[in-house]
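Open the model in your viewer and keep the selection tool at hand. The stops below go from the contact between chains to single residues.

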There are 2 protein chains.
Amino acid sequence: MNIRDEVRKMKAVAPYAAATDVSVRNAVLAKIGETLKNNAEAIFAENKKDLEAADRNGTPSAIVKRLKFNEAKLGDVLKGIDQLIGLPDPIGRKTLSRELDEGLTLNRITCPIGVIGVIFEARPDALVQISTLCIKSGNCAVLKGGKETANTNRILFRLIYESAVAAGYPEHSLLQAELHNEIDELLACDDCVDLLIPRGSNAFVRYIMDNTKIPVMGHADGICHIYVDRDADPEKAIPIIVDAKTQYTAACNAVETLLVNREIAASFLPKLAEALRKEGVQIRGTAEVTSIIEAETIEESDFWEYLDLIVSVKLVDTVDEAIRHINRFGSHHTDCIITENGETAERFMQLVDSAGVYQNCSTRFADGFRYGFGAEVGISTSKIHARGPVGLEGLVTYKYKLYGHGQIVGDYAAGRSQFHFRDLL
Amino acid sequence: MNIRDEVRKMKAVAPYAAATDVSVRNAVLAKIGETLKNNAEAIFAENKKDLEAADRNGTPSAIVKRLKFNEAKLGDVLKGIDQLIGLPDPIGRKTLSRELDEGLTLNRITCPIGVIGVIFEARPDALVQISTLCIKSGNCAVLKGGKETANTNRILFRLIYESAVAAGYPEHSLLQAELHNEIDELLACDDCVDLLIPRGSNAFVRYIMDNTKIPVMGHADGICHIYVDRDADPEKAIPIIVDAKTQYTAACNAVETLLVNREIAASFLPKLAEALRKEGVQIRGTAEVTSIIEAETIEESDFWEYLDLIVSVKLVDTVDEAIRHINRFGSHHTDCIITENGETAERFMQLVDSAGVYQNCSTRFADGFRYGFGAEVGISTSKIHARGPVGLEGLVTYKYKLYGHGQIVGDYAAGRSQFHFRDLL
């Protein structure tokens, strides 16, 4: 398969996918759900091959858990598809309607982005979620999943694509890339791919960002912070920190750095250390921290994304010092303040320049499902287009439609006509 | 001056610029307007130096017109500033408010993008418009204008920056780059510049897009089309085409290619040719076109952005052939159909994949002022973030603020707590 040729075909059909009525797109989703359900055993059989291969390769059990596609996971994705069907149509919405002059009306209408490339980790449920989000939003998609679930992906993709076309979504609207070298071919398609969404390791996402002219949405780092203010309630702080660090260490929204107000350090740090050690978390701290609790010493600028049971601790004098540290060393993903002081919280949440700024809750809430978006295609730390967890809204753009009756700009430039700008919405 | 050092300072103050109240930002704008007015003579004196230099260099009169900054141009920018003060605050708006669970509330709040680099053509009024749009939206900006207006830019920037700081906008929030090599330094600041907006020639914008990792908003090409349908009213078609081609040939929204329905070609083309020749427009056509009217022959795939009194003409059989041609050879900027048939128009406007799709009016309407946005920082042909003319709305992003009382994800994962997703807006 030549990726470029296939993506050019996709680009040509994208306007027709964009023009499908929401009733067709919902019927497509229903058909996909039905087909997956009717082929459950065949899917599980393919998944078994992937699990056996993982076993042969000695894949760690935490990862095997993500590869598995069983009744429960199928149930979840079917529920997700049903939810998606129930969501309002994200495209065709009028977000501006303005009479520029008599008989000259401007409408701004939401529409799909077009051709989206998504490269994601080895999780079969992700393939279903991403493809159905793209269909609901009228987009075309090139999907490349992790090789560890190649067999499961292959059957899922085939069932999804065949159902979609049978129910009225255009041919060539979805494509599965299976080979790693096809990623590089995809990166070169800047004339026919409108957006790339890479998910995966920091190094992988950076590779994508550095090797394509296609706009990229996503995040490389996830260095999330929790700042424990002098007005923090330790009864809230400790469970939040334990959850943010240990509930799922490999997640981008897990906490990596704790900033603790110097005033409360002597009383708070020993309690914190005890709670973290109980969960097997290794603490690294600046020299000052190691004078209060036992911890491996790190330098003042030595803050990393561990994605492991390790956390860095540093002391600060004020909320402003915490803000400066986070804006300088953070990755603008999700950062939290623990405080009972509303004014301090507001200052932190205003001045920290991150997609998510939290008060008194775990950074692990940064997720499309937990925000009520139904699903997400990824989390963006970019400042443009979409920020934070990205659901359907992040997969649409808009176009301006201007309806006239022969109007020309020369008349307005010469003052023979005047705009009156009357909003109709 | 070291651009990188200056931009790092800007990045550090950006959250504080973002936190300024709209009353401060409006006072800053008012102060800028007042200062420009009070220093009109000094500004005109500097502009005279630029005009004299242009004269010495034999700059064409069309360009000199853009360099000129006189009473009329000052009046226009002052009026623009007043309009900007009157516009609602684009930041701090709540665009989503959702109770995820009891005592766990998610708000999505619009906020500035942060640090924006704008590189623009030699037009002093552009410097004022861009800087004031950035201030109204709480952004920081690096501004690099065309060298032909260096003297005018220098005094305008100094007056704007001094007024802004005097009225409460942070120091280091605005920076003027004056040397061409500073553009390359700016392009390398991908860790501290959030968005670049280049304006200028196709080659220049492509150079920017190809030489930076910073997201770029703008357009390189502007190959706009007008399709004259078989149901077109020639009384509308001809003045629209003449306006779209000749009202301002150097603009990105000027028409470059005409697609004419084969059915009406024999009767329409001679009238069109006569009208265009009267305005000095040179016609280039496919072989078939040259068999009907006198025109220079071009190949079937030979369609360019002329930015001059030249237009290409090609015949098509159907609206769908026109759509396919535009989607393949166009630049997704602004494309128009001339037809009295509403259904045909809707098909065209649905399927043409461009930022602006028009019926029966000139492509030259694609402009922030004419859309009623007050001003524009540029026109985007990208599919993400902002599309078409970009005003204040294109200069903002959003952040998610989550307020909790100690909630942790572990409780939801284990089923001890459930989300209830209640929208509060």
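Start by colouring the two chains separately and selecting where they meet: the contact takes 60 residues from chain B and 61 residues from chain A. Two residues are in contact here if their C-beta atoms, placed from the backbone, lie within 7 Å. This is a predicted model, in which local features need pLDDT of at least 70 and side-chain atom pairs count only at pLDDT 80 or more, while totals for chains, interfaces and linings use all residues. Residues are numbered from 1 along each chain as its sequence is written, and chains are lettered from A and ligands numbered from 1 in the order in which they are written.

Stay on the side of chain B that touches chain A. Among the elements that each supply at least two residues to this side are strand E1 (94-101), helix H10 (234-246) and strand E16 (396-407) of chain B. Helices (H or I, at least four residues) and strands (E, at least two) are DSSP runs, numbered from the N terminus. E16(B) gives the most, with 11 residues.

Next, select strand E13 (residues 356-361) of chain A together with E16(B): the two run parallel and are joined by 5 bridges. Strands pair if DSSP finds at least two bridges between them. To find one bridge, pick Gly356(A), whose partner in E16(B) is Tyr400(B).

Now view both chains together. Chain B can be laid on chain A by a turn of 180 degrees and a shift of 0.0 Å along the axis, with an RMSD of 0.0 Å; the superposition is by least squares on the C-alpha atoms of residues with pLDDT of at least 70 in both copies. The two copies are thus related as by a two-fold rotation axis. Which residue of chain B comes closest to the rotation axis? Select His385(B), with its C-alpha at 1.8 Å. The copies meet through the same surface, because 100% of the interface residues of chain B are also interface residues in chain A.

Finally, go to Ile338(A), in strand E12 (residues 334-338) of chain A. Is Ile338(A) buried or exposed? Ile338(A) is buried, with 28 other C-beta atoms within 10 Å (20 or more count as buried, 12 or fewer as exposed, and partly exposed lies in between, with C-beta atoms placed from the backbone). Leaving aside neighbours within four places in sequence, the contacts of Ile338(A) include Ile226(A), Lys236(A) and Asn360(A).
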